[in-house]
Amino acid sequence: MRFSLLTLTLASLALQARAELKLPAIFGDHMVLQQKQANPVWGWDTPGTEVTVQFAGQTQSAKAGADGKWTVKLAPVPANAKPATLTIRGTSQRELKDVLVGEVWVCSGQSNMQWSVLSSWDADLEIATAKYPNIRLISVPQVGTQEPQDDFKGEWKPCSPQTVGTFSAVGYFYGRVLHQMLDVPVGLINNAWGGSAAEAWVRRDLLEKDARYKELIDTWVKREQQLASEEARQAHEKALADWKVKAEEVKKAGKPFTVRAPQSPQQILGGQHRPGNLYNGVLRPTIGYGIRGVIWYQGESNAGRAHEYGHLFPMMIQHWRQEWGQGDFPFYWVQLADFKPEQPQPGDSDWAELRESQTKTQNVIKNGGQAVIVDLGEANDIHPKNKRDVAERLARIALARDYGIDLKWRSPEYKAVAIQGDKAVVTLDTFGSSLRTVDVSEVKGFAICGEDRKWVWAEAKIVGKDRVEVKAAGVAKPVAVRYAWADNPVCNLFSVEGLPVTPFRSDDFPMITAPKAP
């Protein structure tokens, strides 16, 4: 009888636990709903339970399915900065308070998007003045996994000096510009993860089915097998022991020890490079939440495979849009900044090729846009601390394209070249603007080559609002021109609004990051 009573008690407790209405973390107090579009709201409850959601004078209902999940869609409502309550009733009741309606953006990518306000220039001033209660912030923890996740640990917080410091600097500065220009609430969802590779943000089965990524997947399959082996475990234990000895030696010598501990096989398998890991652990729990669009800052980890990025990046964008089910929402990205030592002679560059792949993506997808920041980097730091200018260039794109504000937003881009004797006349698409130099009057950053394909620095001068004349001593018959084609180019050609000319090449010579022939 005691056993039966215990069994009944446990069954009753399990039923009560299952009967509790549950919401994912993306829905909570202080959240912002996207204005002027139907917004899904979802959660879990006992299968078959009728769930009702009330907000802004409307009531929507749905029944929990066999797996307990339910979803309703709220009818579109205009922006509203007055705090409201969203009520959900099922087997129990939840009231989400201080809910606003405005513009919602996802802030994603790797470390330069993750980079916090606290670590950026003017951090003390930026944090002290971050008194914007109608900007709301939420960050998704870094969880890398092959298992699809439905939820995460996090909560929406009003922007304040107490909450903004650890948030994405690019995300915050971007949201602040929108908030100030549009005078509506802004919600920012930060899910960036430093060092992340683009393939980690894509559903793995999609990569496995695409022949273009066979080598990538095969490499990871072999690596996964090796990381799961006893040999890998033992190798890590030895490396960790050696690291501890070295750390102790350096500490005794009174010197700082900055070398990171070696990663364990489990950390690598749960990290930010493995295909599908970040889609499952970081992105998936937010997919479907009503958003206006995405801002993205990533590419450093894929620079060595820039050729592949040319199709992987647009594929990733389309994949996100299909999963979200909200059409071709805006997707705006930051082109790689200048970084690493300056090249004494012109030539090839994998970072330049990655920038080219990013630029070409604008012509492949709808509602895409690029912020060029080849002037904002730091040669000795892959994390340039000027994030405010980065964010404002992104904001220009959104304000002009999505909110109807008359602003120049697109950096000048290569259009054509005409060879005239020993000169090459380059025409740029200035998108209604005109060209100017910065810092010095002489145009810097051009290289030219003849049929021998040997690149030399060139002299250049502006000969029209959208044209530059380029030539170099010793190159009697130029065949191609490049501009800012380096890891860390020295270049100074801008639009009059201060947008740097997009790095380009007129040639179609083989890319150094293209797959080698077998």
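These legends walk through a few close-up views of a predicted model.

**View 1. Strand β12 and its two parallel neighbours.** Start with β12, which covers residues 331-334. On one side, β12 pairs with strand β11 (residues 293-297) in the parallel sense, over three bridges. Look for tryptophan 296, which stands opposite tryptophan 333 of β12. Strand β13 (residues 368-371) also runs parallel to β12, and four bridges join the two. Here tyrosine 332 has glycine 369 in β13 as its bridge partner.

**View 2. The two faces of β12.** In a regular strand, side chains alternate between the two faces of the sheet. So which residues sit on each side of β12? Phe331 and Trp333 are on one side, with Tyr332 and Val334 on the other. Both faces are covered, and these four residues are all buried.

**View 3. Getting from strand to strand.** Another right-handed β-α-β unit is made by β12, helix α11 (residues 350-361) and β13.

**View 4. Alanine 198, tucked into a loop.** This residue lies in the loop between β10 (186-190) and α5 (204-209). Alanine 198 counts as buried because its relative accessibility is 0%. Leaving aside residues up to four places away in sequence, alanine 198 touches Gln298, Asn302, Tyr309, Leu312 and Met316. Valine 32 is another story: it lies 166 residues from alanine 198 in sequence and 28 Å away in space, C-alpha to C-alpha.

**View 5. Glutamate 126 and its arginine partners.** Side chains of opposite charge can pair when their charged atoms come close. Glutamate 126 meets arginine 176 in a salt bridge, at 2.7 Å from N to O. Arginine 176 belongs to helix α4 (residues 169-182) and glutamate 126 to helix α3 (residues 123-128), so this pair ties together parts that are 50 residues apart in sequence. Glutamate 126 also forms a salt bridge with arginine 388, with the closest N and O atoms 2.2 Å apart. Since arginine 388 lies in helix α12 (residues 387-401), that pair ties together parts 262 residues apart in sequence. Buried or exposed? Glutamate 126 counts as buried, at 6% relative accessibility, and arginine 176 is buried too. Arginine 388 is partly exposed, with a relative accessible area of 27%.

**View 6. A network of salt bridges.** Which residues are linked here? They are Asp348, Glu356, Arg482, Arg505 and Asp507. Zoom in on aspartate 507 and arginine 505: their closest N and O atoms are 3.0 Å apart in a salt bridge, and both residues are buried. A search of the whole structure turns up 33 salt bridges.

Terms used
Residues are numbered from 1 along each chain as its sequence is written. This is a predicted model: local features need pLDDT of at least 70, side-chain atom pairs count only at pLDDT 80 or more; totals for chains, interfaces and linings use all residues. Side-chain values use heavy atoms; hydrogens and water are left out. Buried means under 20% relative accessible area, exposed over 50%, partly exposed in between (1.4 Å probe, protein chains only). Two strands pair if DSSP finds at least two bridges between them. A crossover is right-handed if, with the strands pointing away from the viewer, the path from the first strand over the helix to the second runs clockwise. Contact means heavy atoms within 4.5 Å. A salt bridge is a side-chain nitrogen of Lys or Arg within 4 Å of a carboxyl oxygen of Asp or Glu.
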